[in-house]
Amino acid sequence: MRPTVGLDAVLATGKTTEPPDQTGLDDATMFDILGNERRRVCLHCLAEHETALSVSALGQQVASFVADAETDSDELYDSVYISLCQTHLPKLDAIGLVEYEQDQKQVRQGPRFGAIRDQFEAARTTEEQSSDSFRPETVVRVLTVAIGAAAVVSPPAARTVLLLGLVAVHCLVLILASAISR
């Protein structure tokens with residue numbers, strides 16, 4: 001009996017291979033890409049622009065974002081521009097997140113950009129929810145300190161009113177918090 005090899009062996013098993021996912025990225029690739037601040041900022045800038053950007057304009061945006069108090073973005077620009085051209089954009093282009101035209105020094109969102117766009121939209125939604133949310137515990141803390149301080153320096157008759165007011169404020173905030181969470 002002759003052993004089955006090559007394509008015949010694959011056909012004999014009845015198994016087929018599935019083409020790789022053209023939109024998603026595996027976790028290791030995602031962590032590698034997002035693990036570098038310049039790549040994260042580069043992708044974030046491209047997510048904000050639907051059209052192609054010059055590498056120069058992208059470099060200025062990335063440099064201004066990654067610059068800290070001791071470093072001026074103009075001083076950092078050359079380093080950012082070179083690292084984008086030599087390292088980050090070719091890497092992002094190789095996995096399809098961007099389309100990098102080296103000759104024209106242009107970059108735009110690539111065919112697999114949707115995989116990363118979802119990450120940015122999820123992060124933006126979380127930030128918006130946390131910044132827009134009402135913080136009843138903060139209100140209670142501020143009012144407790146203010147009313148407590150007023151009660152300490154006020155006459156005994158006013159203390160009773162202030163402390164009852166404090167209890168009322170706490171109850172009101174608890175009611176508001178439960179209504180908001182529904």
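Reader: So, H4 and H5: is their crossing left-handed or right-handed?
Author: Right-handed for H4 and H5. Keep in mind this is a predicted model.

Reader: And at what angle do H4 and H5 pack?
Author: About 120 degrees, with the axes 8 Å apart; H4 covers residues 55-66 and H5 covers 73-94. An angle from 65 to 115 degrees would count as roughly perpendicular and one over 145 as roughly antiparallel, so H4 and H5 are oblique to each other.

Reader: Which residues make the contact?
Author: On the H4 side they include Val-55, Leu-58, Gly-59 and Val-62, and on the H5 side Leu-76, Tyr-77, Leu-84 and Leu-89 are among them. By class, the H4 contact with H5 has 12 nonpolar residues, five polar and no charged ones.

Reader: OK, what about the largest nonpolar core, which residues touch the most other members?
Author: Cys-42, Leu-43, Leu-58, Leu-89, Leu-92 and Val-107, out of 30 residues in that core. H2, H3, H4, H5, S2 and H6 each give two or more residues to the core. H5 has the largest share, with seven.

Reader: What does Cys-42 touch?
Author: Leaving aside residues up to four places away in sequence, Cys-42 touches Leu-58, Val-62, Leu-84, Leu-89 and Leu-92.

Reader: Switching to backbone: which non-glycine residue has a positive phi?
Author: Lys-105 does, at about 55 degrees. Lys-105 sits in the loop between strands S2 (98-101) and S3 (106-109).

Key:
Residues numbered from 1 in each chain as written. Predicted model: local features only at pLDDT ≥ 70, side-chain atom pairs only at ≥ 80, totals over all residues. Heavy atoms only, no water. Axes fitted to C-alpha atoms, helices over the stretch in contact; angles between N-to-C directions. Helix = DSSP H or I, 4+ residues; strand = E, 2+ residues; numbered from the N terminus. Parallel < 35°, antiparallel > 145°, perpendicular 65-115°, else oblique. Left-handed = near helix turned anticlockwise from the far one by under 90°. Contact = heavy atoms within 4.5 Å. Nonpolar A, V, L, I, M, F, W, Y, C, P; charged D, E, K, R; others polar. Core = buried A, V, L, I, M, F, W, Y, C linked by side-chain atoms within 4.5 Å. Buried < 20%, exposed > 50% of the residue type's maximum accessible area, 1.4 Å probe, protein only.
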